[in-house]
Structure formats: structure tokens, C-alpha cells
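Here is a short briefing to read alongside the model. Have a look at the chains first, and then we can walk through a few features together.

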Amino acid sequence: MICVNRDELLKVITALDFFAIDLQLYLNTHPTDREAIQKYNTVVKRTNELREQFHKSFGMLTPNTTSDYPWQWIEDPWPWERNFNFELAGECNVDL
Amino acid sequence: MWIYDKKLEYPIKISRPDPKMASVIITQYGGPDGEMAASLRYLSQRFSMITPQAKATLLDIGTEELAHLEMVGAMVQQLTKNATIEEIEKGGFAPYYVDHGKGVYAASASGVPFTAAYFQSKGDPRTDLFENLAAEQKARSTYEYLLNLADDPDVIQPLKFLREREIVHFQRFGEALRYVQEYLENKKRFSYNKTRS
């Protein structure tokens, strides 16, 4: 998978995070589904790699990650602002 | 505790201002079946919940509702940000506008400010989970009414996403309720045997 620009990378991270959220809710009430746990672990590992890639190129996605100078956390835009968000249509598909 | 993720659960990217739509979507921010009530309901109920499965379900769904609250707020913000005074007047947004400008305020579509009276935390695990099943259905209906009023794909897509989540949450609460029922049944059986012997 080649996701070079910010929006494509953010889209894949968003998709994988949602995958993890949904699996987490499922696993809370199906804690012995071995296959789902395996899937969850795969998704989380992949997301963490992509988050690291995002962090290196585009700054802080979450607190408790390092910052360049000046302090990167305050960088515009913010998630509720239109220009923060990516278009749903695009080339880069989620691939584990 | 919580740690913020600097992104939305699902993107909100609305190009066309539509104060009329904003004036009804606000109800999923601070209305009777909105995301604020949902989140505070589940996160409050978890303190007296029983069984690991049901506790985790309340915590994680309550947390996801916070992400939905943020999405709804973003929708209201983007629908009004570039609206002209004429559009605000024509869209019926003027009553909200004189009270809150283009700020996002927790109120229902009919202008009633948010109140904790929208939800219960009854301290009875079964009672609370039954309330949550109803709450998810009411929120689903609300999203369907909003979808009936929406015509912009940028608005329809996230509303559909949010509607689907209500269905998943309903399913999970049903499963959590079964764990709680089973636990309480077993407890009753054991304490009954104890008094008999």
C-alpha cells in the first residue's frame, strides 16, 4: 500500500481505527472468539505502524507523542474544521 | 481517563452552508435522544454495572458516543460557518442565531437546553440496560427523521454512519443484558441452595 499524501494516510488510519473500535465492542461480549482477537491484534499493529508514519510526516495525532519545535499539538486545522477532513472518495484502499 | 485523538471517527466535510439542516441536526448534540445524553447515560451507569462484559460495553459505547458528539458538533459548525444573514433568516436559523450566534450549544431542535432529565442511572443493572436498548432505538429513529430532511450527500453520509452505529450499539447492549441476566440467575440459584441446606 502506498499512501503518500496526508489525506490518504489519514483516511486509512481512520478506517483501521474504526475497524478496531467495532471489533472491540464485539469482543467485549464475545471474549472467547479467538479469530476476532487475532483480527483485532492485526488491525492494531498495522494502525500503530501507520500512526508512526503519520507522526513523522505530519505531526502529532495524539498527546504522549514527541513534538518538533515549535510545539506541534496546537497546529491548525482541528478535526471539527472542514479542511482537516479528507474526501471520502479516493484511490487508497485499506489493505492489511 | 481519556486521551484525545486529533481526528474524527468518520470525516465531516460539508461544502454547502445549510442553516436549516443545522437547526435540526443540533438535536443530536443536546436533544432528548442526542449523543450528549447517550454518552453521559452510559458513562454514569457504568459505576454501578455488574459483569465485566457489561461494564466494558458501557465504557466503550459511552466513549464512542463522545466521538459522535464531536461529529455532530462539526456538522453544525460546518453547516453554519459560511452562511449569510439572508440564508440564516430564510433557513429558520434566526432564533438559534440570536441566542448562540454560530456557536454550538447543547439544545434540542425545538430549542430546549440540554438537561440530565433526558436519561437515567437507576443503579439497577437490568433496568439501566433496558433503558439503553430503548435509547439506541430512539436515536436511530431520530437519525432516520434527519435523513428524511437531508438532501446533501456530504450530510447524508455521516448521518447514515451514525444511524448504523445505533444499530450496532443496540445489538451489543442486548448481548450485555444477557450476561447480566445469566449472572443474576446463577446468583439467585446459589443463594437459594444455601438457605435450603
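This is a predicted model: local features need pLDDT of at least 70, side-chain atom pairs count only at pLDDT 80 or more; totals for chains, interfaces and linings use all residues.

**One residue, two chains and their contact**

Residues are numbered from 1 along each chain as its sequence is written, and chains are lettered from A and ligands numbered from 1 in the order in which they are written.

**Around I167(B)**
- I167(B) sits in helix α8 of chain B, residues 153–196; helices are DSSP runs of H or I with at least four residues, strands are E runs of at least two, and both are numbered from the N terminus.
- Between the C-alpha atoms of I167(B) and G91(B) there are 31 Å, and the two residues are 76 apart along the chain.

**Where the chains meet**
- Chain B brings 28 residues to the contact and chain A brings 21, where contact means C-beta atoms, placed from the backbone, within 7 Å.
- On the side of chain B that touches chain A, the elements giving two or more residues are α4 (52–80) and α8 of chain B.
- The largest share of that side, eleven residues, comes from α4(B).
- That side of chain B divides into twelve nonpolar, six polar and ten charged residues; nonpolar covers Ala, Val, Leu, Ile, Met, Phe, Trp, Tyr, Cys and Pro, charged covers Asp, Glu, Lys and Arg, and polar covers the others, Gly among them.

**Chain A**
- Chain A has two helices and zero strands.
- Of its 96 residues, 17% count as buried.

How values were computed
Two residues are in contact if their C-beta atoms, placed from the backbone, lie within 7 Å. A residue is buried if 20 or more other C-beta atoms lie within 10 Å of its own, exposed if 12 or fewer, and partly exposed in between; C-beta atoms are placed from the backbone.
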